[in-house]
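Student: Could we go through this protein together, setting each value against the rule behind it?

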Amino acid sequence: DEIAVRMQTKWAGGEIVFLEETGSTNVEARKLAEAGAAHGTLIVADSQTDGKGRRGRSWHTPKGSSIAMSLILKPELEAEYASMLTLVQAVAVTKAIKEICGLDAQIKWPNDILVNEKKVCGILTEMNLEMTEISSIIIGTGINVNQENFPEEISEIATSLKIEKKRTQSRADLIEHICELFEEYFEKFMENKDLSGIMEEYNQSLISRGRQVRVLDPKGEFNGEAL
């Protein structure tokens, strides 16, 4: 109810499924998509116990402290363009954090959001195909909102919005604003099925732009300047 009463979108979050606890909001979203859930359906969990990040890493969402959500999309889109939606969501999340929390969030390509060089958000986009056609795209987003402590193994690289701003943040406000911004950027993306409409905003938020980086390519790691 907290989220629904705030929603000012046309379709993103038009239907909201809330779960007290789940293994993974992306898994739940996939099941709902296969069962006929509408484009824009939003799955939100108060606690997520088996979320996944890139390279099979886990993403745990403690009860009452974080955002774990997945958005179901059913666009008319060729499969090769689907991965770009991770970047569309990254721009939406970054801007939402800036506008709601007053923090300078930045994108670490392709799917991490950092504040003060520490990770506050991960995005995982998964595509479901029927033959060669997209049946649905699931965009999962996990945000450290009000955590105050992290496991020792990630305490040096992770942070939360509360830690950085030194005050509790509204999860519902963030979720609504992310959906609002994603809807806007998604419609720009769908005009040409590319990132040209949001490229300037994306580049301005890209933390590694102009820096030397190490690329962990499966074919072999290499160094270079991020342009």
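This is a predicted model: local features need pLDDT of at least 70, side-chain atom pairs count only at pLDDT 80 or more; totals for chains, interfaces and linings use all residues.

Tutor: Residues are numbered from 1 along each chain as its sequence is written, and side-chain values use heavy atoms, with hydrogens and water left out.

Student: What makes the protein chain as compact as a globular protein of that length?

Tutor: The chain has five helices and ten strands, these being DSSP runs numbered from the N terminus (H or I, at least four residues, for helices; E, at least two, for strands). Its radius of gyration is 17 Å, close to the 17 Å that the globule rule gives for 227 residues, so the chain is as compact as a globular protein of that length. The radius is taken over C-alpha atoms, and the rule is 2.2 Å times the number of residues to the power 0.38.

Student: Why is the pair of E78 and K193 called a salt bridge?

Tutor: The term requires a side-chain nitrogen of Lys or Arg within 4 Å of a carboxyl oxygen of Asp or Glu, and the closest N and O atoms of E78 and K193 are 3.5 Å apart, so the pair qualifies. E78 lies in the loop between β4 (66-73) and α2 and K193 in the loop between α4 and α5 (199-205), so the pair ties together parts that are 115 residues apart in sequence. By this rule the count comes to twelve salt bridges.

Student: Why is M84 called partly exposed?

Tutor: Buried means under 20% relative accessible area and exposed over 50%, with partly exposed in between (1.4 Å probe, protein chains only); M84 has 23% relative accessibility and therefore counts as partly exposed. M84 is found in helix α2 (residues 84-101), and its contacts, meaning heavy atoms within 4.5 Å, include F189 and K193, not counting residues up to four places away in sequence.

Student: How do you know that E148 is exposed?

Tutor: E148 has a relative accessible area of 53%, so it is exposed. E148 also forms a salt bridge with K162, the closest N and O atoms being 3.4 Å apart.

Student: What is the nearest side chain of opposite charge to E176, and how far away is it?

Tutor: E176, in helix α4 (residues 171-192), is buried yet has no salt bridge, and the nearest side chain of opposite charge, R6, is 7.3 Å away. Lys and Arg count as positive and Asp and Glu as negative, with His and the chain ends not counted.
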